[in-house]
Amino acid sequence: MTTDSTAAVFGTEQVRRARYAIAAVFAVHGAVTGSFATRVPWIQDHAGLSAGQLGIALAFPAIGASLAMPLAGAISHRFGARTALRGLLMLWTLALILPSMAPSLLTLCAALLVYGASAGMSDVAMNALGVEVENRLNKSIMSGLHGMWSVGALVGSAAGTVAAHLGADARLHHAIAALVLTALGLIACRQVLDLHSEPDAEAPPRFTLPPRSALIIGAVGFCAVFAEGASLDWSAVYLRDVLDSSAGLAAASTTAFALTMAVARIAGDRVVDRFGAVRTVRTGGVLATVGGVLVVTAPNMVLALCGFGLMGLGIAVVVPLAFAAAGRSGSNPSRAIAGVATITYTSGLIAPSAIGSLAEATSLVVSFGLVSVLAFGLVLGAGVLRAGDRKVSSSDAGVPGPAPAEPRP
């Protein structure tokens with residue numbers, strides 16, 4: 001957002017309340033995703049789609065998000081951070097209703113385009129506000145915020161699983177979920193920081209290329225999200241096809257991976273505050289690389305599960321730290337965050353299909369060999385997250401860390 005964050009003064013208690021409020025916003029955002037994901041089979045049957053047609057439709061959320069994300073900065077500039085987040089989050093929660101209403105491929109693609117656009121814009125707005133709160137608290141909170149997103153996704157998916165088990169119509173399920181999540185989101189937004197641009201501040205362009213800093217930081221996020229997407233979508237298939245695991249045990253790998261990431265993100269802020277973003281990501285890259293190598297060399301399911309667990313642990317905090325670094329890398333946080341978000345969304349879009357195409361041409365073992373290489377990219381690229389790092393040790397940069405923020409009355 002194009003707010004002058006140094007001019008806005010907030011009391012300590014107000015900033016603390018804002019931290020919990022933005023955490024609740026992240027959870028609401030994740031719950032929408034979880035609610036949608038569990039009813040995709042119902043939506044497919046309702047629209048009468050083949051697997052290939054469904055694959056086409058599911059590309060549209062990422063397309064919509066990538067197109068709309070640059071608009072978030074202009075919206076925040078015009079209306080202020082709190083009002084912008086309130087409107088964009090409400091648009092996102094209500095967009096949950098659209099996909100289940102679609103009766104055909106064309107209408108589903110249109111619905112998912114709107115669904116993705118609202119997801120992307122609210123994503124940028126809430127991450128920008130998260131960075132603002134982190135700056136005022138002068139300690140890492142972004143990993144925990146993304147952990148709350150994962151918790152919200154798990155809660156939403158759990159509710160969706162119950163609804164699917166009961167045979168509930170997804171249109172009714174999503175309508176009720178959308179209304180509940182909209183109400184919760186509006187309540188949470190009441191306590192977020194109400195930041196506004198300076199009266200003479202120039203409005204950001206509606207569409208612009210990401211700054212160079214965002215491209216470099218986004219490359220690190222790309223590696224992490226590629227590994228995440230590959231593991232979430234292909235770990236069960238890998239265990240079943242490569243190691244002959246039962247369907248039940250293979251499916252459990254996806255849940256275990258998601259839980260590992262959620263727990264690691266919630267606990268990650270303390271690690272980042274102690275060791276700094278660079279050292280944390282470097283260590284995480286090592287863990288993820290070891291996990292990837294363990295997956296491709298594992299002779300049995302147990303070791304492969306350990307490998308996927310290490311990958312989840314290693315990449316869990318990378319994206320939150322990429323957003324935090326982007327938000328402190330220049331004069332326009334929303335533009336930088338939108339750039340990083342676009343790159344990571346693109347990575348999440350291409351990862352599943354890239355793994356499948358490579359597996360078809362070679363094997364799944366080779367595909368996860370590529371994942372291991374990208375995981376090692378975290379070790380090599382961790383230094384770009386030094387921008388705004390709250391703990392830069394001599395081994396990381398040779399300079400002292402940033403001074404504490406001025407106390408807020």
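**Cut-offs and conclusions in a predicted model**

Tutor: This predicted model has 0 disulfides, a disulfide being a pair of cysteine sulfur atoms within 2.5 Å. Residues are numbered from 1 along each chain as its sequence is written. In this predicted model local features need pLDDT of at least 70, side-chain atom pairs count only at pLDDT 80 or more, and totals for chains, interfaces and linings use all residues, while side-chain values use heavy atoms, with hydrogens and water left out.

Student: Why is Cys223 called buried?

Tutor: Buried means under 20% relative accessible area, exposed over 50%, and partly exposed in between (1.4 Å probe, protein chains only). Cys223 has 12% relative accessibility, so Cys223 counts as buried.

Student: What makes Cys306 partly exposed?

Tutor: Its relative accessibility is 41%, so Cys306 falls in the partly exposed class.

Student: Why does Arg190 count as exposed?

Tutor: Arg190 reaches 57% relative accessibility, and therefore counts as exposed. Arg190 sits in the loop between helix H10 (170-189) and helix H11 (212-241). Helices are DSSP runs of H or I with at least four residues, strands are runs of E with at least two, and both are numbered from the N terminus.

Student: What makes the nonpolar surface patch, and which residues are in it?

Tutor: Patch residues have over 30% relative accessible area and no salt bridge; like charges are joined within 9 Å, nonpolar side chains (Val, Leu, Ile, Met, Phe, Trp, Tyr) within 5 Å. A salt bridge is a side-chain nitrogen of Lys or Arg within 4 Å of a carboxyl oxygen of Asp or Glu. Ile63, Leu67, Leu113, Leu349 and Ile350 make this patch of about 370 Å², with areas from the Shrake-Rupley method (1.4 Å probe; for residues, only the protein chains shown count as cover). Helix H4 (60-68) and helix H16 (333-361) each supply at least two of the patch residues. Ile350 lies in helix H16. At 33% relative accessibility, Ile350 is partly exposed.

Student: How many residues has the largest nonpolar core, and what makes it a core?

Tutor: A nonpolar core is a set of buried Ala, Val, Leu, Ile, Met, Phe, Trp, Tyr and Cys residues joined through side-chain atoms within 4.5 Å. The largest one has 109 residues, and Leu85 is among those with the most contacts inside it. Helix H8 (residues 105-137) gives the most to this core, with 14 residues.

Student: What does Leu85 touch?

Tutor: Contact means heavy atoms within 4.5 Å. Beyond residues up to four places away in sequence, Leu85 touches several residues, including Ile22, Val25, Met126 and Val192.
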